[in-house]
Amino acid sequence: MAPTLYYMDRSPPCRSVRMMAKAVGLELNLVPTDPLNGETRTKEFLAINPQHTIPTLVDEDITLWESRAILQYLANQYGCKDKKLYPKDAVLRAQVDRMLYFDFGTLGAAFLNFILPVMLHKEKPESENLAKIHEALALLDQYLEGHFFAVGNRLTIADYALVVSASSCEAIGVELLQYKNVKRWLTRCKEQMPGYLELNEKPCENISKMFKTKMRI
Ligand SMILES: N[C@@H](CCC(=O)N[C@@H](CS)C(=O)NCC(=O)O)C(=O)O
């Protein structure tokens, strides 16, 4: 039976999981779940995930949340055709893990800290939160120097995590031109990630519209 994914199109971590599922050829039973309508706080959803977050994946023996853990699981469980997505070699795997943690704690976190007050509480964005996004993008730009992808010259799950954060930053108007390596890497991800247009680019267009509406731009 296809695993169930509770998700929302616009959510960056949901987008990385859906693209990864596509990359490993995994069909998902998709259940749209909108946190803005309280759908992650219902009694039924809390029984599945007490942390009330999407993406949440329910597969045969496991209920899993935290998108990067889901990416690791999908690569380990279903990525048999492309073992390089999450390399088994200890050194390469450590580098992939480092980039996943960089996304979790730095780039992805900077994006969420910037956007959530605007989306949820209609607050004006804080300039120091924007500065954190730029700090993170400058680091990513440095890390990508001399590489095609986040780790070496092949797509890994680290790219799936990072790409939704970087493209979301761009969607809300963060200028990426100064980050030449990031720009080039985004183009490569777009070309090589199956379903990028439908699963990442279109939702980013919606984020962009929503952000402009909230900001009255
Ligand atoms: N670190 C988590 C973040 C998940 C997350 O915060 N998801 C948001 C949507 S983007 C959510 O579900 N918010 C609803 C809530 O916290 O109630 C991940 O990567 O999966």
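Predicted model: local features only at pLDDT ≥ 70, side-chain atom pairs only at ≥ 80, totals over all residues.

Modeller: Residues are numbered from 1 along each chain as its sequence is written, and side-chain values use heavy atoms, with hydrogens and water left out.

Biologist: In what order do the four strands of the open sheet lie?

Modeller: Strands here are DSSP runs of E, at least two residues, and helices are runs of H or I, at least four residues, numbered from the N terminus. Two strands pair if DSSP finds at least two bridges between them. The edge strands, each pairing on one side only, are S2 and S4 (62–65). With mixed pairing, the order is S2-S1-S3-S4.

Biologist: Do S1 and S2 run parallel or antiparallel?

Modeller: Take the bridge partners: threonine 4 goes with asparagine 29, leucine 5 with leucine 30, and tyrosine 7 stands opposite proline 32. Four bridges join S1 (residues 4–7) to S2 (residues 29–32), and the two strands run parallel.

Biologist: And which hand does the β-α-β crossover from S1 to S2 have?

Modeller: The test is to point the strands away from the viewer: if the path from the first strand over the helix to the second runs clockwise, the crossover is right-handed. Here the chain goes from S1 through helix H1 (residues 12–23) to S2, and the crossover is right-handed.

Biologist: How many bridges pair S1 with S3?

Modeller: One spot to look at is leucine 5, which stands opposite leucine 57 in S3. S3 covers residues 56–59, and its pairing with S1 is antiparallel, over three bridges.

Biologist: Are the residues on the two faces of S1 buried or exposed?

Modeller: In a regular strand the side chains alternate between the two faces of the sheet. Buried means under 20% relative accessible area, exposed over 50%, and partly exposed in between (1.4 Å probe, protein chains only). Thr4 and Tyr6 sit on one side of S1, Leu5 and Tyr7 on the other, and all of them are buried.

Biologist: What geometry does the aromatic pair of tyrosine 6 and phenylalanine 45 have?

Modeller: Rings of Phe, Tyr and Trp (its six-membered ring) pair if their centres lie within 6.5 Å; planes under 30 degrees apart count as stacked, over 60 as edge-to-face, the rest as tilted. The search of the whole structure turns up four aromatic pairs. In this one the centres are 5.4 Å apart and the planes make 75 degrees, so by the over-60 cut-off it is edge-to-face.

Biologist: Which ring does the charged end of arginine 93 sit over?

Modeller: A charge sits over a ring if NZ of Lys or CZ of Arg is within 6 Å of the ring centre and within 35 degrees of the ring normal. For arginine 93 the distance to the centre is 3.6 Å, and the ring is that of tyrosine 86.
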